[in-house]
Amino acid sequence: MKLHEFQSKRIFAQYGIPIPDGDVATTPQEARAIAERLGGPVVVKSQVLVGGRGKAGGIKLAKDAAEAEARAADILALDIKGLPVRRVLIDQAADIRHEIYLGIVIDRVAERPVMIASAEGGVEIEEVARTNPNAIKKLHIDPFIGMRAYHTRWLAREIGLDEALMRSFDHIARGLYEAFVGCDASLAEINPLVVTGAGTLLAVDGKMVLDDNGLFRHPDLAEKRDVDEETPTERAAREADLSYVQLDGEIGCMVNGAGLAMATMDITKHFGGSPANFLDIGGGAKADRVATALRLILADPNVKAVLFNIFGGITRCDEVAKGILAALEEVQPNLPMVARLVGTNEAEGRQILDASPFDMITATTLAEAAQKAVAAARGELEA
Ligand code: GDP
Ligand code: MN
């Protein structure tokens with residue numbers, strides 16, 4: 001789950017990281033009132049869950065409250081990378097002398113968090129990685145030791161930071177690590193971390209991505225989810241507790257179990273097809289969840305055939321069959337469908353499908369099911 005800039009920065013502030021004074025507005029009038037309270041020049045910043053807002057015209061400086069109102073009106077009318085701007089953050093403008101990058105992600109190969117810093121902040125870090133990889137410095141963090149002053153000093157020297165800023169940098173880097181761990185984040189990033197004209201450090205931008213699997217431990221953070229920023233498909237999948245990832249192939253896959261879903265996608269590829277999605281309906285899936293899953297698959301216009309691969313353990317094949325029929329009655333698709341149901345109550349499941357008015361191609365082995373789905377998607381196989 002991604003957090004907005006203002007949400008991320010408020011969390012950073014709780015961990016002692018200096019951020020500009022500011023507040024969020026949904027109308028130009030509110031923006032003006034905030035700017036009046038702040039006094040002096042402000043920056044008006046679109047709050048949308050994409051990067052590169054600056055380049056897209058979503059970040060504008062304003063010298064006073066009247067100008068802040070006008071810029072807020074402009075920005076609130078924008079669509080940035082397809083997302084309408086619903087809110088703007090009004091921050092006291094920073095006097096920027098230099099922009100640094102500072103972020104933390106998990107390095108899966110090293111099996112630990114890695115702090116990344118660069119003297120070339122402000123631009124996207126992927127861009128720096130491409131054009132000047134030597135400007136990126138990395139520090140792996142042993143979770144049992146955590147971040148110590150000698151780590152942050154090393155990193156600060158690597159990026160050529162002024163000695164006078166060492167203490168402040170140490171404080172910020174450790175705060176960022178604490179925030180990352182404390183929130184179960186998968187990313188925490190300050191870009192840019194600014195050296196101001198007055199010679200202080202200030203987190204001008206903030207970004208956090210939280211690990212959805214850790215959210216149950218943070219009800220206060222889970223509440224911050226901005227449902228306006230999810231696609232309808234993502235929202236439906238999350239609400240039904242389905243793991244769904246849309247891909248660009250033509251065979252819709254409905255499978256119970258993540259490993260089986262991966263295997264199903266692999267074998268579909270092996271036989272010359274291409275999966276339209278990853279979808280794990282989970283263990284013990286009941287009819288209504290199966291119906292939601294099928295609706296998600298059928299909402300994708302690229303799908304030419306659907307492959308059901310259900311291994312009945314806790315999940316009962318008859319329950320899944322009922323779910324498939326419930327969804328078919330509602331959606332009435334005219335696509336070929338291949339079903340392989342094995343395990344608990346498979347005979348009952350097959351009976352339910354056979355007795356239905358819908359044509360269903362059946363298969364016993366996974367290889368057979370995948371081959372039939374590939375052929376059906378090509379229009380070479382009828383039910
Ligand atoms: P992003 O484009 O979505 O990453 O948004 P940022 O918040 O990082 O802003 C983009 C750029 O706008 C920054 O790298 C700065 O160069 C500039 N910027 C942002 N806030 C201020 C500010 O308060 N003062 C000044 N002078 N520039 C700012
Ligand atoms: Mn930024």
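Start by selecting helix H3, residues 65-76. Helix H3 lies across S3, S4 and S7 and runs at about 165 degrees to S4; axes are lines fitted to C-alpha atoms, for helices over the stretch in contact, with angles from 0 to 180 degrees between N-to-C directions. Contact here means heavy atoms within 4.5 Å. Helices (H or I, at least four residues) and strands (E, at least two) are DSSP runs numbered from the N terminus.

A word on what you are viewing: this is a predicted model, where local features need pLDDT of at least 70 and side-chain atom pairs count only at pLDDT 80 or more, while totals for chains, interfaces and linings use all residues. Residues are numbered from 1 along each chain as its sequence is written, chains are lettered from A and ligands numbered from 1 in the order written, and side-chain values use heavy atoms, leaving out hydrogens and water.

Next, colour the open sheet: 4 strands in the order S2-S7-S3-S4, with antiparallel pairing (two strands pair if DSSP finds at least two bridges between them). At its edges are S2 (22-25) and S4 (59-62), each pairing on one side only.

Now zoom in on S3 (residues 42-46) and S7 (residues 88-92), antiparallel strands joined by 5 bridges. Pick Lys45 and you will find its bridge partner, Leu89, in S7. Then show helix H1 (residues 5-14), which packs on the sheet, touches S2, S3 and S7, and makes about 45 degrees with the direction of S7.

Last stop: Phe144, in the loop between strand S10 (136-140) and helix H5 (149-158). Phe144 counts as exposed because its relative accessibility is 80% (exposed means over 50% relative accessible area, buried under 20%, partly exposed in between, with a 1.4 Å probe and protein chains only).
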